[in-house]
Amino acid sequence: MSEGSLLDHALVRLDEAAKHLTVDADVIEKLKFARETTKARLMIRMDDGSRKSFLAWRCRYDDTRGPTKGGIRFHPESTADEVEMLAFWMTFKCAVMNLPYGGGKGAVQVDPRKLSKAELERLSRAYIQAFASIIGPDRDIPAPDVYTNSMIMGWMADEYSQIVGQASPAVITGKPLALGGSLGRGDATARGGFYLVRHLADELGLKGNLRVAIQGFGNAGQHIARLLASDGHTIVAVSDSEGAVQSAKGLDLGRLLAAKDSGRSVTSTAGEGGHELLDGNALVGVECDILVPSALENMIRIDNAHSVKARIVLELANGPVTSEADEVLEKKGIVVLPDILANAGGVTVSYFEWVQNRQGYYWPIEEIHERLRIIMEREGRAIWDVAKAKDVSVRTAAYVHALARLAEAIEAHGTQNYFAS
Ligand code: NAD
């Protein structure tokens, strides 16, 4: 990737979207910078009695449309720059879905695999002690992200509730069901992507039995495999961090899920049920109709974008396609359903969790699915129409769609024209 911060790279999308709309200069000035990024050093007692400190951040990128919302990542390579880029993406993702939120994100620079369970709990609680005055159900609402999970969210909600002296489940989403979590959160990201593809199938030229390749077989990857397979499609290849397996006739999903459940890689199924071993890097070039990146950022780059044979790329991961690779895919006529739309089912059901916590009334699963489907289809359709009307990629259309909403909110406070006249 060329010079510049991660946020600078992300901001290219804002400039691109702004070319297709008439927005006041105030809007761009406001969205070019994070509103506040707070840094803290978390000190915890380790199991051996020593004290150790970890760098941590919370960014509230923009809160014009509501309290900021975004996950907390525990990762050894997290930086303030990365947190701001992720918070910028969240600002646009929440606007894409018309959720009453701005965008935020947080991180701790730590390798959680090197901590004991008790150390992980102390670190999670220390994060909330450091940022309790910044977060809150009406201010900034965290959620899980890379290497954080529902148990960590439960500890964090508990710590916050103790600090403010009252039960406050709505401060954090992605909690365990028993602690105020929502039904349907587990597969929400994949389900949102699934509803989107199903709704736009005709426009995308997708008919009958489709061949699907999935990169990354964690939460998002496993659920999209299950949903697409139960809709009659064929999973021809999947990968995880250790490699990939393929089968032109279709992989046996039960075998793959059993391997992951027992802590093994998908590659351990090679040789069984027609599964053949495949180099993990070759997965993006597998013959298929839909390629689903559901692993990490920057997985489809200038060096492998040419090999992509899929007709559609469904970005369940955040930022899996670099901007250079995006151009290559577009020239090849491959339609990319972009992350800020395709994986927004996750934050949408997080929003449902927050609403249910505030109401103290919990919805049945059918209601969660139906509400999610309606929002995915409504926003997916609107973005598709923008893409056609302006003759731009679906990604640019998603940014245009979100920017129009953000601009309307920012301009409602008055613009230069208003104040100068
Ligand atoms: P996860 O940790 O459950 O799964 C990640 C998977 O990627 C694992 O199977 C891992 O082995 C695999 N992986 C790692 N490196 C790989 C590599 N080099 N090649 C192939 N696979 C590799 O994470 P998740 O929750 O499924 O999230 C995946 C992506 O989706 C992330 O980008 C995340 O930000 C995004 N996302 C997730 C959610 C959600 O609700 N889970 C919501 C929005 C976005």
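What we have is a predicted model, where local features need pLDDT of at least 70 and side-chain atom pairs count only at pLDDT 80 or more, while totals for chains, interfaces and linings use all residues. Residues are numbered from 1 along each chain as its sequence is written, and side-chain values use heavy atoms, with hydrogens and water left out.

Let's start with the ligand. How many residues surround the ligand? There are 18, and the closest are Thr189, Phe217, Asn219, Ala220 and Asn318. To be in that shell, a residue needs a heavy atom within 4 Å of the molecule. By class, we get seven nonpolar, nine polar and two charged residues. The classes go like this: Ala, Val, Leu, Ile, Met, Phe, Trp, Tyr, Cys and Pro are nonpolar, Asp, Glu, Lys and Arg are charged, and the others, Gly among them, are polar. As for secondary structure, α8 (219-230) and β7 (234-240) each supply at least two residues of the shell. Those labels are DSSP runs numbered from the N terminus, with helices being H or I of at least four residues and strands E of at least two.

Now the polar contacts, meaning pairs of N or O atoms within 3.5 Å. Thr189 puts a polar side-chain atom 2.6 Å from an oxygen atom of the ligand. Ala220 uses its backbone instead, with an N or O atom 2.9 Å from a ligand oxygen. Ala295 also comes in through a polar backbone atom, at 3.2 Å from an oxygen of the ligand. As for cover, the ligand has 830 Å² of accessible area on its own, and the protein covers 73% of that. The areas are Shrake-Rupley with a 1.4 Å probe, and for residues only the protein chains shown count as cover.

On to the charges. The count of salt bridges comes to 37, taking a side-chain nitrogen of Lys or Arg within 4 Å of a carboxyl oxygen of Asp or Glu. I'll pick a few.

One is Lys105 with Asp145, at 3.2 Å from N to O. Lys105 is in strand β4 (residues 102-109), Asp145 is in the loop between β5 (140-144) and α5 (150-164), and the two are 40 residues apart. Are these two buried or exposed? Both Lys105 and Asp145 are buried, where buried is under 20% relative accessible area, exposed is over 50%, and partly exposed is in between (1.4 Å probe, protein chains only).

Next, Asp158 and Arg125, with their closest N and O atoms 2.9 Å apart. Asp158 sits in helix α5 and Arg125 in helix α4 (residues 117-131), so this bridge ties together parts 33 residues apart in sequence.

Then Glu379 and Arg405, which meet at 3.0 Å, N to O. Glu379 has a relative accessible area of 1%, so it is buried, and Arg405 is buried at 18%.

There's also a network of salt bridges linking Arg13, Glu315, Asp326, Asp339 and Arg395.

Thr396 is in helix α14 and counts as buried at 13% relative accessibility. Leaving aside neighbours within four places in sequence, Thr396 is in contact with Glu16 and His20, contact being heavy atoms within 4.5 Å. Arg373 is in helix α13, and at 22% it counts as partly exposed. Which residues does Arg373 touch, not counting those up to four places away in sequence? Tyr195 and Arg198.

Tyr147 has phi near 60°, a positive value in a residue other than glycine. Tyr147 is in the loop between β5 and α5, and is partly exposed at 40%. Asn298 is another non-glycine residue with positive phi, near 55°. Asn298 lies in the loop between β10 (290-293) and β11 (312-314), and its relative accessible area of 30% makes it partly exposed.

That's it from me.

Notes
A polar contact is a pair of N or O atoms within 3.5 Å; within protein, one must be able to donate a hydrogen and the other to accept it, and residues adjacent in sequence count only if both atoms are side-chain atoms.
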